Amino acid sequence: MASLDKDLDPVLDQDGVRLTVDGATATMTLTNPAKRNAQSPALWRALTQAGRSLPGSVRVVVLRAEGQSFSAGLDRQAFTPEGFDGEPSFIDLARGSDAELDATIAEYQEAFTWWRRSDLVSIAAVQGHAIGAGFQLALACDLRVVADDVQFAMRETSLGLVPDLTGTHPLVGLVGYARALEICATGRFVLAEEAERTGLANLAVPAEQLDAAVADLSAALLAAPRDAVIETKALLRGAQERSYEEQRTAERAAQARRLRDLAGVGE
């Protein structure tokens, strides 16, 4: 399976992130299981760089993690006065100007934004803990397949912070405002059964079947023509912002493009 990427030559392998490509499937692996794949600004930059390094042939991106946990969230070293080597600590960032702080958070968010590109379908394969930034990284993907031991939690509010790595928009879209508020404000765990029932997860499987389930889903996605998947994804992504009539119009325009393309007729 492509996600078992140690047998493939990496396109990128740095700061706890490894990217490999096998045909139309790319696999992004978090590679610091000793720290439960805790996240840092260096890891976020590596994720951003990995997204920019994807060949144009890639249609499906699988995000997975080594070890027992997907990601335990932000490395708490960020909150110490010394921070990370070569990085400003979060305490130092808080003392900067509003513009500097906003620009820094925007840079961090770039690691979480490219997963929903219209030309890709991204799948998070999630096992064990996916907490805070780990939860938001899973939410950044289009689809989520989870092991039966998964534990999602949004702990930022418990620390006096807010989720700021793009996770709030997909969370509300998946489970609704009231449940999203309750999950974030309490910081409680969401386990596999609830995740699947509420739409956080597309599928929940025994942990030993996680790779196989993701491989099956990837194969099913690749079986459809690429342009049709791209158009369909764009239609669905925009549906919540459009009125019913606007969505009807968008469907017609997309179908016209597909029919002309299939018939070899230029617009």
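R179 is partly exposed, with a relative accessible area of 30%. Here buried means under 20% relative accessible area, exposed means over 50%, and partly exposed covers the range in between, with a 1.4 Å probe and protein chains only. The model is a predicted one, in which local features need pLDDT of at least 70 and side-chain atom pairs count only at pLDDT 80 or more, while totals for chains, interfaces and linings use all residues. Residues are numbered from 1 along each chain as its sequence is written, and side-chain values use heavy atoms, with hydrogens and water left out.

R179 forms a salt bridge with E194, and the closest N and O atoms are 3.1 Å apart. This pair links distant parts of the chain, since R179 belongs to helix 6 (residues 177-186) and E194 to helix 7 (residues 192-198), 15 residues apart. A salt bridge is a side-chain nitrogen of Lys or Arg within 4 Å of a carboxyl oxygen of Asp or Glu. Helices (H or I, at least four residues) and strands (E, at least two) are DSSP runs, numbered from the N terminus. E194 has a relative accessibility of 11% and counts as buried.

R257 and E231 meet through their side chains in a salt bridge of 2.9 Å, N to O. Here too the pair links distant parts of the chain: R257 lies in helix 10 (residues 244-263) and E231 in helix 9 (residues 226-238), 26 residues apart. R257 is partly exposed at a relative accessible area of 35%, whereas E231 is buried at 17%. Returning to R179, salt bridges that share partners join R179, E182, R188 and E194 into one network.

A further salt bridge is made by the side chains of R95 and D92, at 3.8 Å from N to O. R95 counts as exposed, with 66% relative accessibility, and D92 is partly exposed, with a relative accessible area of 38%. A search of the whole structure finds 14 salt bridges.

Helix 9 also holds K233. K233 has a relative accessibility of 10% and counts as buried. What lies 2.6 Å from a polar atom of the K233 side chain? It is the backbone oxygen of R117. Leaving aside neighbours within four places in sequence, K233 is in contact (heavy atoms within 4.5 Å) with W115, R116, R117, S118, L120, V121 and D142.

The whole structure has five aromatic pairs. One of them is W114 with W115, which is stacked at 4.0 Å centre to centre and 20° between the planes. Rings of Phe, Tyr and Trp (its six-membered ring) pair if their centres lie within 6.5 Å; planes under 30 degrees apart count as stacked, over 60 as edge-to-face and the rest as tilted. Both W114 and W115 are buried. Elsewhere, ring pairs link W44, F90, Y108 and F112 into a cluster.

A ring also takes part in an interaction with a charge. The charged end of R155 sits over the ring of F189, 4.6 Å from its centre. The criterion is that NZ of Lys or CZ of Arg is within 6 Å of the ring centre and within 35 degrees of the ring normal.

The strands come next. Strand 7 (residues 143-147) is mostly covered, with five of its five residues buried. In a regular strand the side chains alternate between the two faces of the sheet. In strand 7 both faces are covered: L143, V145 and A147 are buried on one side, and R144 and V146 on the other. Strand 5 (residues 121-126) runs parallel to strand 7 and is joined to it by four bridges; two strands pair if DSSP finds at least two bridges between them. I123 has L143 in strand 7 as its bridge partner. Strand 7 is also joined by three bridges to strand 10 (residues 203-205), again in parallel, and V145 has L203 in strand 10 as its bridge partner.

Another three strands form an open sheet with mixed pairing, in the order 6-8-9. Strand 6 (129-131) and strand 9 (190-191) stand at the edges, each with a single partner strand, so one side of each has no neighbour in the sheet. Strand 8 (residues 151-153) pairs with strand 9 over two bridges in the antiparallel sense. In this pairing F152 stands opposite V190 in strand 9.

How values were computed
Polar contact = N/O pair within 3.5 Å; in protein donor to acceptor, adjacent residues only side chain to side chain.
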